[in-house]
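Open the model in your viewer and keep the selection panel at hand. The stops below go from the whole chain to single side chains.

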Amino acid sequence: SAPTAGPIATRHGAYQYFPCAGDTAEDLYLGIHEQMTTVESHVATGHDADLVVFDGPLRHRNDPKAVGYVKTQQVQYLPDDQQAVVARLAAGERTPLFLIGGRGTRFSWYVRLPGPRSQPLSGVVRLELPAVGAVPAAAARADAVTVLLQRFASEPHKDPRAPQNLYPIGGLEYRLRHLLGDQYLMERALRTAAVGR
């Protein structure tokens with residue numbers, strides 16, 4: 001959040017500075033996600049695919065091709081009696097659509113991916129579509145996405161976050177970690193450069 005901060009030059013390259021609203025862990029978390037959303041949106045606009053799956057909520061993206069893919073269930077959006085339906089989903093089944101308001105209204109639904117069940121929400125993910133257009137079109141889109149996702153669900157012997165961490169997402173994460181290089185070397189370079197400022 002420092003107004004005079006700038007890029008940090010290290011012997012391994014320069015690291016850009018992006019300001020955050022404050023210095024708390026939550027401010028930094030939100031700042032990172034804001035930059036991630038900006039980069040993902042830029043990359044997605046360069047493709048002519050019929051479907052773009054964002055790893056996480058839509059975060060104000062209203063592209064009709066976009067689908068938000070939420071792997072962890074930290075917020076309960078449904079009343080308890082309806083939430084019980086989510087726990088009873090079989091592999092490949094989805095819940096009916098429901099609306100999520102607030103910062104950008106979205107259609108949302110839950111899906112259970114194939115795989116072992118160690119607890120009631122094992123393999124359950126939540127998806128989002130921009131709340132534009134007619135409900136039947138959104139439901140048809142939800143059906144198509146639900147069927148498609150089953151093909152990409154990971155397996156426990158290949159990914160400890162299976163089945164939620166889809167193979168394409170896991171592959172991208174692996175590639176990005178490789179491109180970043182050794183995290184300890186990077187941290188040491190950043191600390192050394194910060195001390196020299």
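The protein exposes about 12,500 Å², of which carbon and sulfur atoms supply 60%; accessible areas come from the Shrake-Rupley method with a 1.4 Å probe, and for residues only the protein chains shown count as cover. This is a predicted model, in which local features need pLDDT of at least 70 and side-chain atom pairs count only at pLDDT 80 or more, while totals for chains, interfaces and linings use all residues. Residues are numbered from 1 along each chain as its sequence is written, and side-chain values use heavy atoms, with hydrogens and water left out.

Now hide the surface and show the C-alpha trace. Along its principal axes the trace spans about 55 × 40 × 35 Å. Of the 197 residues, 31% count as buried (under 20% relative accessible area; exposed is over 50%, and partly exposed lies in between, with a 1.4 Å probe and protein chains only). Among contacts with a separation of 6 or more, 46% are between residues 24 or more positions apart; a contact means heavy atoms within 4.5 Å.

Switch to cartoon. The protein has five helices and seven strands, in the order β-β-α-β-β-α-β-β-β-α-α-α from the N terminus. Helices (H or I, at least four residues) and strands (E, at least two) are DSSP runs, numbered from the N terminus.

**Helix 1**

Select residues 25-45. Helix 1 has 21 residues and reaches 30 Å from its first C-alpha to its last, close to the 30 Å expected at 1.5 Å a residue; the expected span is 1.5 Å times one less than the number of residues. Gly31, His33, Thr37, Glu40 and Ala44 are buried in this helix, and their cover includes strand 3 (52-55).

Zoom in on threonine 37, which lies in helix 1. Its relative accessible area is 11%, so it is buried. Leaving aside residues up to four places away in sequence, threonine 37 touches Arg59 and Arg61.

Follow arginine 61 next. Its charged end sits over the ring of phenylalanine 54, 3.8 Å from the ring centre (the rule asks for NZ of Lys or CZ of Arg within 6 Å of the ring centre and within 35 degrees of the ring normal).

**Helix 3**

Select residues 135-152. Helix 3 has 18 residues and reaches 26 Å from first C-alpha to last, close to the 26 Å expected. Its buried residues are Ala138, Ala142, Val145, Thr146 and Leu149. An α-helix has 3.6 residues a turn, so residues three or four places apart point the same way.

The buried residues of helix 3 pack against strand 4 (66-70), strand 6 and strand 7 (124-130). Turned away from that side are the exposed residues Pro136, Ala137, Ala144, Val147 and Arg151.

**An aromatic pair**

Rings of Phe, Tyr and Trp (its six-membered ring) pair if their centres lie within 6.5 Å; planes under 30 degrees apart count as stacked, over 60 as edge-to-face and the rest as tilted. By this rule there is one aromatic pair. Select phenylalanine 98 and tyrosine 110: they are stacked, 5.7 Å centre to centre with 25° between the planes. Phenylalanine 98 is in strand 5 (residues 98-100) and tyrosine 110 in strand 6 (residues 106-112), twelve residues apart. Phenylalanine 98 is buried at 13% relative accessible area, and tyrosine 110 is buried at 1%.
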